[in-house]
Each structure stands twice: as structure tokens, then as C-alpha cells.
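Student: Could you take me on a close look at the main nonpolar core of this model, and at the helices packed around it? I'd be glad to have the cut-offs along the way.

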Amino acid sequence: MAVSFLSRDVSDLCLGKPALRPVKADISVAEAVVELKRSGESHVSVWSCCSDHSTKALEGHNNCRCIGKISMVDVIVFLCKEENSRNLSKALQSPVSQILPSRIDIVRHLNPNSSLLEAIDCILGGTQNLVIPIQNNTSNNSRTKPASKPASPSSTDHGGVEYCWLTQEDVARFLLNSIGLFSPLPTFTIESLSIINYDIMTVGYHDLATSALGFISRANAEQTSVAVIDDDNRLIGEISPSTLAYCEETVAAAIASLSAGDLMAFIDCGSPTDDLLEMVMLAKFTLIKNVPSSQRLSDLQVKAKLEEKNLVALLRLVEEEYSAIFSSSSSSPLSLSSSASSAASSFSSDEELGLSRNSILGRYFARKTEAITCYPWSSLAAVMIQALAHRANNIWVVEEDQSVVGTVTYKQMLSVFGSIANPRPNKLPAGLPENSFKK
């Protein structure tokens with residue numbers, strides 16, 4: 001039964017999936033940011049199409065290909081690079097190809113009649129998203145597939161074909177819905193199944209967030225997270241690309257100026273920290289022309305403060321978030337003191353600032369920086385349920401004292417099901433016969 005289940009068409013997983021909102025490969029990073037915010041999704045697909053694709057489509061050929069995907073994580077990491085943080089305007093006008101992941105196998109086209117096992121094999125080979133055509137999608141069985149919605153006017157023409165994509169989470173959820181077919185495998189511990197990844201990325205709570213930039217980029221590519229730990233290797237929280245993907249690009253300023261622990265607080269609160277807000281106010285107060293020069297902080301004072309926080313260029317991103325605040329403030333007298341703390345406290349509440357608590361994280365995702373954990377003796381089924389319930393790309397494996405020892409990702413979970421069709425004795429847990437699923 002288990003092997004037969006894995007031979008089902010991958011189109012079965014596409015039922016109800018929305019059509020992709022594509023962007024062209026020749027747009028700028030700034031335009032990609034606009035598309036990300038407009039879509040409300042964590043990622044947008046990037047497509048390359050020949051100019052004569054419509055004609056070729058009529059001939060039965062579709063020359064449009066999805067060549068990758070981008071998220072706000074790619075944008076944030078790109079803006080945090082030293083050469084880009086010095087000239088954000090130039091960086092934002094760079095072609096989106098500069099932030100596309102270098103690996104071309106992150107997205108992969110798959111025929112709708114491909115098997116579920118083929119989809120799992122692609123994921124085990126490094127694919128994160130499977131691109132499946134959903135228009136005129138039929139299968140060999142008697143089930144009738146619903147017709148796809150008309151193409152969105154804003155969508156790129158793919159020769160009359162719409163696509164959806166399947167994620168690793170989609171495949172794991174589909175398997176969990178029929179987990180009984182794989183019994184007793186789901187009851188085995190993740191340790192006995194050898195799916196714990198001990199090569200984890202960690203950063204100290206008090207370490208600068210910039211020190212984790214390389215890890216954040218790698219975690220985004222591997223669909224895992226960066227653990228934030230204390231001096232005793234105990235897990236405090238995580239910096240997760242799946243959470244950062246729903247943040248605004250202004251998080252780049254927070255990463256440049258805060259510690260890893262403060263960055264977690266920044267994300268959890270959904271608003272700028274006092275230090276970051278103070279920097280914005282100092283700069284803006286200096287530029288308010290209606291304020292007497294004797295009450296303004298000098299440019300040198302502000303620059304020194306901003307250089308101390310490495311925010312000279314990145315500050316512009318945050319300034320845009322508050323432009324409405326200070327444009328209205330510039331028409332009325334302000335009482336400013338010479339100290340930064342009194343400048344920040346001259347506004348007594350968020351309402352006076354005109355800010356909501358999630359003004360920075362406007363597309364904020366429900367799950368924050370709390371790390372989801374399990375134990376080496378947790379069962380495969382339990383870990384899958386945890387990951388799917390919390391929409392987490394990975395589950396941290398800890399000991400009883402909360403010291404982190406490893407992590408389990410969807411890819412590792414799916415590897416167990418992929419081994420069923422071609423089981424190898426050295427990959428099976430003790431007590432599970434090699435022919436357990438050959439029925």
C-alpha cells in the first residue's frame with residue numbers, strides 16, 4: 001500500500017493551489033520588493049520567457065521557464081552587504097538576477113503526471129519548490145480536476161498555461177494525511193531513523209547580528225534556521241528565514257545595528273527597538289528646518305551616532321517608514337533637548353508617532369522567534385506534526401537540559417519515505433525488515 005501510494009500523480013497535491021504570481025527576470029530589486037509586498041506571499045517566482053513564446057505555445061511548445069524564486073530574505077541579505085549598504089539606491093536598482101540563488105535546482109519543473117516518489121526524489125536532490133502546470137490538468141483516474149481560474153491580468157503570459165508550485169511542506173502534509181499506510185515507520189524515533197542533522201548553525205545571544213548574516217543566507221538555501229544560544233549551548237530562540245521572509249526590507253538596518261538577541265526582540269515585537277528608533281529621530285530632528293538651529297543636534301553628532309551603529313546608509317530605509325510622521329511634525333514647533341534619550345522620549349506613545357506596533361513588519365508572519373523543539377527519542381510522526389502545526393521549516397533537537405544537539409528538516413523527514421521504494425539495509429532502523437513495504 002505504501003509503495004502504491006507513492007506512485008500517485010503529483011497533480012493530486014495541486015488541488016486548490018493558487019496560480020503563481022510571476023515576475024520577469026529583468027526587473028530591478030526594488031521592483032521585486034514591490035511585487036513581494038503586493039503578493040503577500042513569502043516568495044515570488046522569477047521567470048524567463050522568449051519574446052515569441054505565444055507563437056511557440058500555439059505550436060505545442062512553451063518557452064517560459066521558472067528560473068528561481070526570491071524572498072525578502074534575499075533582499076535583506078543583499079542590502080546588508082557592505083558595498084550595498086553604502087549606496088542603497090544603486091543596490092535597489094540592481095537587476096533581480098543578482099539576488100537569485102546561485103543554485104538552479106532550487107526550483108524545478110515537473111509534469112503533473114509525475115509520481116509523488118519522483119517529487120520526493122527531486123526534493124532529496126536539493127529542490128525546494130516544484131513548478132507544476134495546473135491548466136488543462138488531467139489524470140488517468142476518474143476524478144475530475146477543477147478548472148483553473150482565469151489568468152490574472154498582472155501575470156506574465158505563459159502561452160495560456162498557469163502554474164502552481166509545491167513546497168516541501170506541501171508534500172509532508174500530504175504524506176501525514178495518510179501516515180497510517182506507512183506503519184510502523186512513523187513510530188520510530190528520529191534518532192533510530194538517522195535523520196538528525198548535527199551540522200547546525202548557532203550564534204550567541206550577545207553576538208552581533210551581522211555575524212550571523214552568512215548563516216542566515218545558508219539557512220535560507222537549506223530551509224533551516226540559525227539557533228540563538230547562551231553560553232551553555234542552551235537554545236534561547238532562532239533566527240528563521242521563514243519568519244524574515246514576511247518582514248520588511250528595513251530589517252536590514254536592525255541586523256546592521258543590533259545583537260542577535262535584540263534582533264529576536266525586534267522581530268517578536270514587530271516594531272523598532274528604542275536604539276533604532278532613537279537613531280531615526282536624531283537624524284530627522286537634524287533635518288527639520290522649522291526647529292531653531294540652537295535646538296538641533298549637529299550633523300557631526302548625528303553622524304557619529306549613526307556610524308557607531310553602522311546605520312549611515314541603511315537609515316534611509318527606516319526613514320521612509322516614518323516620512324509621514326516627520327512631514328506632519330515639521331509644520332509644528334518641537335521641543336527638543338540636546339540628548340538623544342530626551343529626543344526619543346519627546347513622543348510619549350506610538351499613537352503620537354503615528355505608528356502601529358507592526359509598522360516595520362507589515363507582512364508579519366504569525367510564528368515568531370520561538371524555537372520549536374523535540375528530543376532524539378521523539379517519533380517521526382510527532383516531529384512531522386510539530387513542523388506542520390507551527391509552519392516551521394525545521395525542528396530543533398535538544399537534550400533534557402535544553403542544550404541543542406541538532407535539527408530535523410522536511411528534507412530529512414521526506415528522506416524516510418523516499419527510502420521505502422528502494423530500501424537499503426543500512427538506512428533502515430533496527431527491527432524493520434527490508435521488505436516491510438513491498439506489498
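Tutor: The largest nonpolar core has 48 residues, and L116, L175 and F417 have the most contacts inside it. Here a nonpolar core is a set of buried Ala, Val, Leu, Ile, Met, Phe, Trp, Tyr and Cys residues joined through side-chain atoms within 4.5 Å, where buried means under 20% relative accessible area, exposed over 50% and partly exposed in between, with a 1.4 Å probe and protein chains only. This is a predicted model, in which local features need pLDDT of at least 70 and side-chain atom pairs count only at pLDDT 80 or more, while totals for chains, interfaces and linings use all residues. Residues are numbered from 1 along each chain as its sequence is written, and side-chain values use heavy atoms, leaving out hydrogens and water.

Among the elements that each supply at least two residues of this core are α7 (116–124), α8 (168–176), β11 (394–398) and α20 (410–421). These are DSSP runs numbered from the N terminus: helices are H or I with at least four residues, strands E with at least two. The largest share, seven residues, comes from α20.

Now to L175 itself. Not counting residues up to four places away in sequence, L175 touches F5, L6, L116, I120, F182, L414 and F417, contact meaning heavy atoms within 4.5 Å.

L175 also takes part in a helix pair: L116, I120 and I123 in α7 meet Q168, V171, F174 and L175 in α8. By class, that contact has six nonpolar, one polar and no charged residues; Ala, Val, Leu, Ile, Met, Phe, Trp, Tyr, Cys and Pro count as nonpolar, Asp, Glu, Lys and Arg as charged, and the others, Gly among them, as polar. The axes of α7 and α8 come within 11 Å and cross at roughly 135°; axes are lines fitted to C-alpha atoms, for helices over the stretch in contact, and angles run from 0 to 180 degrees between N-to-C directions. The two helices are therefore oblique to each other, given that angles under 35 degrees count as roughly parallel, over 145 as roughly antiparallel, 65 to 115 as roughly perpendicular and the rest as oblique.

Past α8, the loop between α8 and β7 (202–204) holds P184, which a cis peptide bond joins to S183, with omega about 10°. S194 is found in the loop between α8 and β7 as well; although not a glycine, S194 has a positive phi of about 55°, and at 62% relative accessibility it counts as exposed.
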